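Reader: I am new to this structure and should like to be guided through it by question and answer. May we begin with the space enclosed inside it?

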Amino acid sequence: MTSRPNQIRDLTVVIAGASSGFGRGAALELARQGANIVVAARREAVLRELVEEMVEAGGQAIHVVCDVSDAEDVNTLADRAIERFGDIDVWVNNVGIGALGLFWDIPLEDHARVIDVNLKGLVYGAHIAMRQFLSQGHGTLINVGSIDSEVPLAYQGSYAATKAAVLSLSRTLNEELRLVGKQDAIKVGTIMPWAVDTPWWTHAANYTGHKPRMAAMDDPQIVVAAIVEACISPKEEHKVGPKARMSDLSHHIFPDLTEHLSAKIADREVNKADPAPPTSGSIYEPMKEGTGINGGIRERMKAEDKRD
């Protein structure tokens, strides 16, 4: 059995959902530290530019166009990674789309799409990664969840449901690894951030009647750092940042109160925002907008708050 690598240099990392947000940020940081990166998303032109940036930063990188809700696409992603780099040390399941609004105002097909990507897509990646890790004798699976995995949030019903499922799957995988004695060689970690200022909000389907926002958004760099750290030293459940940790603690002590307060905060934030027409965002087809790590949501919120 080969041991798990203990440094990022020469680590082979697959990142699903790498064209923007903290997936993109993690890819660039890992490249700077000398990793081999395989980036996947739907936007090929954006991925090509990202690969150029990663190579310039000092890493080796390839891209694979992939819709994670398509099992064949995810199989192709794994095959390309192994063909190019020989094995896969880390698989980052950074998959997550959203549909914002009251549950009954969101079209059923949008809820189904969120489940197809956030849950089925993550299961496809996890299954392929775990089989590869068992075959080669080591590996780290990083599932990107949310504090919504622990604390359900109004206006994000199906998203929160899928993120709760992500955490449940990670917990189950860790227990199954213990049952077969592989818990030291193969690790599964879940990243659980608070609301983060990334293009996710721009890409989400939105039926709230207002532009998307959330209170006290975190900077994406703290999540980028958590993902990079997890490649070598994963935590089974990593609540990223003080707001995520406090929300999690509060929910364990006062579950009903925490859910009521969270819902009120989400409702207040929705109604602060400028009006916006209904949109399915990029959940079906990718959009040109939103290719950076930062989403620019906090800057817009400042302007909205000044008008109140």
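This is a predicted model: local features need pLDDT of at least 70, side-chain atom pairs count only at pLDDT 80 or more; totals for chains, interfaces and linings use all residues.

Reader: How many cavities of 30 Å³ or more does a search of the whole structure find, and about how much space lies in the largest cavity?

Author: The search of the whole structure returns 1 cavity of 30 Å³ or more. Fifteen is the number of residues that line the largest cavity, and Leu100, Tyr155, Trp201, Arg213 and Val270 are the closest to its centre. The space in the largest cavity comes to about 90 Å³.

Reader: Is Tyr155 buried or exposed?

Author: Tyr155 belongs to the loop between strand S6 (139-144) and helix H5 (157-179). Its phi is positive, near 75 degrees, although Tyr155 is a residue other than glycine. Buried means under 20% relative accessible area. The relative accessibility of Tyr155 is 16%, so this residue counts as buried.

Reader: Is Asp10 buried or exposed?

Author: Asp10 is placed in the segment before strand S1 (12-16). Asp10 is not a glycine, yet it has a positive phi of about 70 degrees. A residue is exposed when its relative accessible area is over 50%. Asp10 has 52% relative accessibility and therefore counts as exposed.

Reader: What distance separates the C-alpha atoms of Ile142 and Val90?

Author: Ile142 is part of strand S6. With 0% relative accessibility, Ile142 counts as buried. Ile142 and Val90 stand 52 residues apart along the chain, and the distance between their C-alpha atoms is 7.4 Å.

Reader: Which elements give two or more residues to the lining of the second largest pocket?

Author: The second largest pocket holds about 210 Å³ of space. Its lining consists of 13 residues, and those nearest its centre are Trp201, Thr202, Asn206, Pro212 and Thr279. The elements that contribute two or more residues to this lining are helix H6 (200-203) and helix H10 (297-307).

Reader: How many residues in the lining of the second largest pocket are charged?

Author: In this lining, 7 residues are nonpolar and 4 are polar. The charged residues number 2.

Reader: How far apart are the end C-alpha atoms of helix H4 (residues 108-136)?

Author: Helix H4 has 29 residues, and at 1.5 Å a residue these should span 42 Å.

Reader: At which residue does H4 bend?

Author: Just after H4, Gly137 adopts a positive phi of about 95 degrees. The bend in H4 itself is about 30 degrees, and the residue at which it occurs is Asp116.

Reader: Turning to the whole protein, what is its radius of gyration?

Author: The protein contains 10 helices and 9 strands. For 308 residues the globule rule gives 19 Å, and the protein's own value is close to this, so the protein is as compact as a globular protein of that length; its radius of gyration is 19 Å.

Reader: What percentage of the 308 residues in the protein is made up of buried residues?

Author: The C-alpha trace spans about 60 × 45 × 35 Å along the principal axes of the protein. Among the 308 residues, the buried share is 53%.

Conventions. Residues are numbered from 1 along each chain as its sequence is written. Side-chain values use heavy atoms; hydrogens and water are left out. On a 1 Å grid over the protein atoms alone, a cavity is a set of points where a 1.4 Å probe fits but cannot get out, and a pocket is an open set with protein on both sides within 12 Å along at least five of seven lines; lining residues have an atom within 4 Å of a point. Grid points are joined across faces, edges and corners, and a volume is the space filled by probe spheres set on the points. Helices (H or I, at least four residues) and strands (E, at least two) are DSSP runs, numbered from the N terminus. Ala, Val, Leu, Ile, Met, Phe, Trp, Tyr, Cys and Pro count as nonpolar, Asp, Glu, Lys and Arg as charged, and the others, Gly among them, as polar. The expected span of a helix is 1.5 Å times one less than its number of residues. The bend at a residue is the angle between axes fitted to the seven residues ending there and the seven starting there. The radius of gyration is taken over C-alpha atoms; the globule rule is 2.2 Å times the number of residues to the power 0.38. Buried means under 20% relative accessible area, exposed over 50%, partly exposed in between (1.4 Å probe, protein chains only).
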